[in-house]
Amino acid sequence: MTATAGPTRRDFLCAVVGCAAAASCTDPTHTPFFRDHLLEMSPAEIAEMVARMEAEYRERFGRDIKVGTQGPREGVQFAYALDIARCVGCRRCVYACVDENNQSRDPQIQWIRVLEMDKDRGIDFEHANPYYEADEVPRQGHFYLPVACQHCENPPCVKTCPVSATWKEPDGIVVIDYDWCIGCRCCVSACPYGARHFNWREPTIPPEEINEHTHLLGNRPRPKGVVEKCTFCIHRTREGRYPACVEVCPVGARKFGNLLDPNSEIREVLRSKRVFVLKTELRTYPRFFYFYGL
Amino acid sequence: MQTIRQFFRFTLGSLKIVLRGGLLYWTWVICLLALIGTGIVAYLHQLHGGLGTTSMRDQCSWGLYIGNFTFLVGVAAAAVLLVIPAYVYQWKPIKEVAILGELLAIAAIAMCGLFVMVDVGRPDRVWHLIPYLGTLHLPSSLLAWDVVVLNGYLALNFVIVTYMLFRYFRGKQPIKWVFTPLVLLSVPWAIGIHTVTAFLYNGLPARPFWNASILAPRFLASAFCSGPAVLLVLMQLLRKFTRFEIPDAAIWKIAELMAYAMFVNLFLLGAEVFKEFYSNTEHLIHMQYMFIGVDGHTAIVPYMWLSVAASIVAFILFLVPATRRNVFTLNLGCALIYIGVYLEKGMGLVIPGLTPDTLGEIYEYFPSHSELIISAGIFSVGFLLFTLMVKVATPIMLGEFRSESSDAPSTPAA
């Protein structure tokens, strides 16, 4: 992130548009209408923006939401692995994710989608059922395939975004700036994994259920009209913790870690198991591996 | 200084022309204004409630708005492409045909812009698309390219039309070396806008229905049908209500060319249908959803067959010389082409492309009332804009609306 020397784009726009916009620029509880792209902002500008954001959330939810800005760590490349032989399709990961990442309760947004598949068909999306009853699982003759953002090496969503509101961070996490997204949904069309979700209405969460531990590029409350998705729990994993879905999984089907650390669990999976990725033919090179552990 | 005064007089005179009209004209204008009004109310409702007021959802996240956008890019492109036959066949009112085509293109692009505006979740942030102020993601995003070429096309057509009409207004002929290169540039540019729009879909390998290289040629072929269909009707109206002279031969020629375009369009569709059904891979499901339905989901099937039927009948009407020369069958053909291409581009491209979604789920999209009302409002804006522009342009082209100071003998320039 580079500090801009001269007057920034935001200064320029505020000057052009005049007092109405200027008022919003100086109001400490509102994110200014005009700003620069996040990757062009200086750390001081980001800190100022985050402070406004937190004040705005305090006003809106009456909660002390902390918006973290922890950057990627040197020598870390995140990856995920999921054991489909163990997964029982209980959807605990889905709901843990909703709670952890402040997904809208009404309308419902869920970043993880668990598909029930027929054992005799193998992985066949055409016959997958995402609406099975979770209290009857695992059902005879079926297996379960949870799908969320695959954090592709070659992400089609990033390529297609007309305003660069989504990008791949140096540690491999594909992120979205919710305040830069224009809501055109090109990325939703481009994603081969149905991982991207749009806020069709104002997202609502009961204030007491909000997770106050958030990240600027992750689980902070989102506005309506923008796209969101799994961020590998960026607010946790950049602090060295596991994503919420890994912790909650009752059968230990979910593995997560640093690809560059030879002793990590993820490397152990890649070493000892036969892994595969979804839709290999699209050359997206997911950072999300599936394997049969049993 | 004199030019500025003349431009002022031009603006004032245009305003007078626009406010002068018979009962038919005013009924038309008031109907359009009423539709625009309801559209605005519905849009305010959508703005407040979010895009949840539409039928679009994550599983099918583009719908009627983007379909209309795509269709209208085709209209904008083809309107200008009419310049080609006008040159090739040396029609007398060649400049007039070009001007009408460009006016239609301007109206169509304006509608395209509005359809994108109502489709995005954050219209307050579209300035992010402006280079320097925002971050236009070139060269990798096709939508970014579309923003560039569509705005360029709008500017180009606007400049050409304003220049030519203002010259006529001042009683002068357009200077050839000024307008010829501009008009010639607008031809490849017209092909460009529709190609880039096709690539917007084409470049998404996650959607096999769109990821077929036949897509851009199909876009162009269908545009060559729908764009001229609008102009054919307009030319007949102008002929009837003004002193505009458009020879029958020109109209018949356009109809004949449209028959060929429709043949290519149907042929390419047939090639696609063969490939999908014969190879019978998992990609077939989208076309199955389009023409047969999947597991009882048949919301768009009747419309798709209507589209094919309308296109085939129109093709025959325009192919047979007797029917394309008959006023009734000619206009019936125009209407059928319009219906055929509109359904095909508006629904048949976007919806089956997204249904079933990438994880195999079928969500049956069908436009909501609010989407229909907003779309009708936008079409009305376009029709109104086009009506007003043609209303001003026609007397200028006929030499009835001139700057007073140009009573002096006009000198055909260069």
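Predicted model: local features only at pLDDT ≥ 70, side-chain atom pairs only at ≥ 80, totals over all residues.
- Two packed helices are described by the angle between their axes and the distance between the axes.
- The crossing of α5(B) past α8(B) is right-handed.
- On the α5(B) side, the contact is made by B:Leu100, B:Gly101 and B:Leu104, while α8(B) brings B:Val230, B:Leu231 and B:Leu234.
- Sorted by class, this contact has five nonpolar residues, one polar residue and no charged ones.

**Where chain A meets chain B**
- Chain A puts 42 residues into the contact, and chain B puts in 38 residues.
- Several elements of chain A give two or more residues to this side, among them α1 (9-17), β3 (113-118) and α5 (156-160).
- The most comes from α6(A), which gives four residues.
- The side of chain A that touches chain B has 25 nonpolar, nine polar and eight charged residues.

**The two domains of chain A**
- Chain A is divided into domain 1 (9-62) and domain 2 (66-294).
- Their C-alpha centres lie 30 Å apart.
- The two domains touch through ten residues of domain 1 and eleven residues of domain 2.
- On the domain 1 side, those residues are six nonpolar, three polar and one charged.

- Most residues other than glycine have a negative phi, and most peptide bonds are trans.
- In chain A, the peptide bond from A:Asp106 to A:Pro107 is cis, with omega near 0°, and A:Pro107 lies in the loop between α4 (92-100) and β3.
- Chain B has a cis peptide bond from B:Thr355 to B:Pro356, with omega near -5°; B:Pro356 is in the loop between α14 (350-354) and α15 (369-397).
- A:Arg91 has a positive phi near 65° and lies in the loop between β2 (78-83) and α4 of chain A.
- A:Arg91 counts as partly exposed because it has 19 C-beta neighbours inside 10 Å.
- A:Lys279 also has a positive phi, about 55°, in the loop between β11 (275-276) and β12 (288-291) of chain A.
- With 17 other C-beta atoms within 10 Å, A:Lys279 is partly exposed.

How values were computed:
Residues numbered from 1 in each chain as written. Chains lettered and ligands numbered in written order. Contact = placed C-beta atoms within 7 Å. Nonpolar A, V, L, I, M, F, W, Y, C, P; charged D, E, K, R; others polar. Domains from an automatic or database assignment. Left-handed = near helix turned anticlockwise from the far one by under 90°. Buried ≥ 20, exposed ≤ 12 C-beta atoms within 10 Å, placed from the backbone.
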